[in-house]
Amino acid sequence: MVNYKVIKKYKVSKINDMELLEEKINVIKDIDNDYCKYIVSVYNNYKIYIKNDVDNDINTFIENNKFVTVSDYETTYDIIKTVKQNNKVMIFCFEGNDNLDITDDKINMYNKLLNSNKQNTLVIVGNYQKSTKMKLEGIDYRIKVISMSKIKLSKILLNYNPDNIFLNINSDTLNNDVSWNHNIKENLEKLLFNFNNTNIQDFISNPIDTCKKCMHDNNDKYKYSFSKNSFMLEDLIKFLISLKYLCDKNNISFGLNYKNNIVIANIIYSALSGNKVIYELINLIDILMCKNKKEMYEHIYDALCDYLDNDCRKYNYCNFENGKCIAQRDISNKTEYPVNKCNGCCFDVDKRIECNKLQNGACTIRSISCKLFICKYLRDRGISYPTNKNLYIKCFLNFIQRPVFVWSFFKPKEEIINKLLKIKK
Ligand code: SF4
Ligand code: SF4
């Protein structure tokens, strides 16, 4: 089993870092100041993630998934070897490294894959630009290396006429940095990182000011940077949507029948990969494999609702106490949600009444638009779900459908799905 690790762009995971962080948190934990309270609440809700490199949820998520395997290059080879007698398989390898050489295990694996699949084709689709000098020493010359932006999919499928398509994706080279659900984690990690790295003298002499500075520090110097040729997850998914469309049109099966399952991809995973990118990729592949539009919209809806519920529960952004959220409790905050009421933004601002879908402090419907909404108070603190960056919405919904998803406050799932179906492409 692969050891799944959370990639840390802002590292506060070393033991001595953690001890220092805890010491500093102890200094501010009883200070009655919004900035200090916020950092303490982020720390309390986030420390499980910092302390544990392993996110257990991702293991269960991967094990329960039927369309992909998450493993190393050998697994792709094993799958192809097992099924190749009966199928003419075409493998698309998504590789974004720009510095492969003979000592690299991947090159050996590509050569091995090619040898096991001679008649057919192994296509490595890199995102290489003309100006980039690519080193592919040791790679078998029969392997076609094609830039994703240059590839003529219909022509390739017509020429090789495969029975099946199989994908091999190197997740280390997938960049979903701009993806929305990366932003919050990154903001919180960065906040704790900044907090931990404050000068101890400054901190002791003026903890409130130091906390304030940490929250407004936009220094990105510690950010992990991807190779120039890394794939944007969005580009990969758009590519797969076109590939799936052409396969369906030409009766080419997407995936292989392996161990009584249709497996469409092996995702290569190493310590460099982030859990988030795997989670996103698997979910996006699941959406891609939906049988019809209704199933697809429902899947997008449920996956996003689940994600948002878990995220809010885990990090407790709204931090309710006695029915009042953090924004309502802060009387200096000029919120449009009345401070003398409870239940945060479950409030109809136009009618000035609490939402009638709220019963006994809980929502009786699952409105995606409400779940996506984040008030200004939290947005100012780095918490937001920018829907224009969400890949489920961007890749699978058209321009007319997107606002329906985002602006249908107080509306239940069935109503939103029906509206999407009426305006499908
Ligand atoms: S999003 Fe809503 S519930 Fe959460 S803090 Fe803001 S107003 Fe309160
Ligand atoms: S419909 Fe929206 S505003 Fe109303 S209770 Fe549910 S989440 Fe809150």
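In the predicted model, the axes of helix 12 (residues 293–315) and helix 18 (residues 413–422) approach to within 10 Å and cross at roughly 135°. The two elements, helix 12 and helix 18, are therefore oblique to each other, an angle of over 145 degrees being required for a roughly antiparallel assignment. The crossing of helix 12 and helix 18 is right-handed. On the side of helix 12 the contact involves Lys293, Lys294, Tyr297, Glu298 and Tyr301, which meet Lys413, Ile416, Ile417, Leu420 and Leu421 of helix 18. By residue class, this contact of helix 12 with helix 18 comprises six nonpolar and four charged residues, with no polar residue.

Glu336 is placed in the loop that lies between helix 13 and strand 14 (347–348). With 11 C-beta neighbours inside 10 Å, Glu336 counts as exposed, because the limit for that class is 12 or fewer. Although Glu336 and Val349 are separated by 13 residues in sequence, their C-alpha atoms are 7.2 Å apart in space.

How values were computed. Residues numbered from 1 in each chain as written. Chains lettered and ligands numbered in written order. Predicted model: local features only at pLDDT ≥ 70, side-chain atom pairs only at ≥ 80, totals over all residues. Helix = DSSP H or I, 4+ residues; strand = E, 2+ residues; numbered from the N terminus. Buried ≥ 20, exposed ≤ 12 C-beta atoms within 10 Å, placed from the backbone. Axes fitted to C-alpha atoms, helices over the stretch in contact; angles between N-to-C directions. Parallel < 35°, antiparallel > 145°, perpendicular 65-115°, else oblique. Left-handed = near helix turned anticlockwise from the far one by under 90°. Contact = placed C-beta atoms within 7 Å. Nonpolar A, V, L, I, M, F, W, Y, C, P; charged D, E, K, R; others polar.
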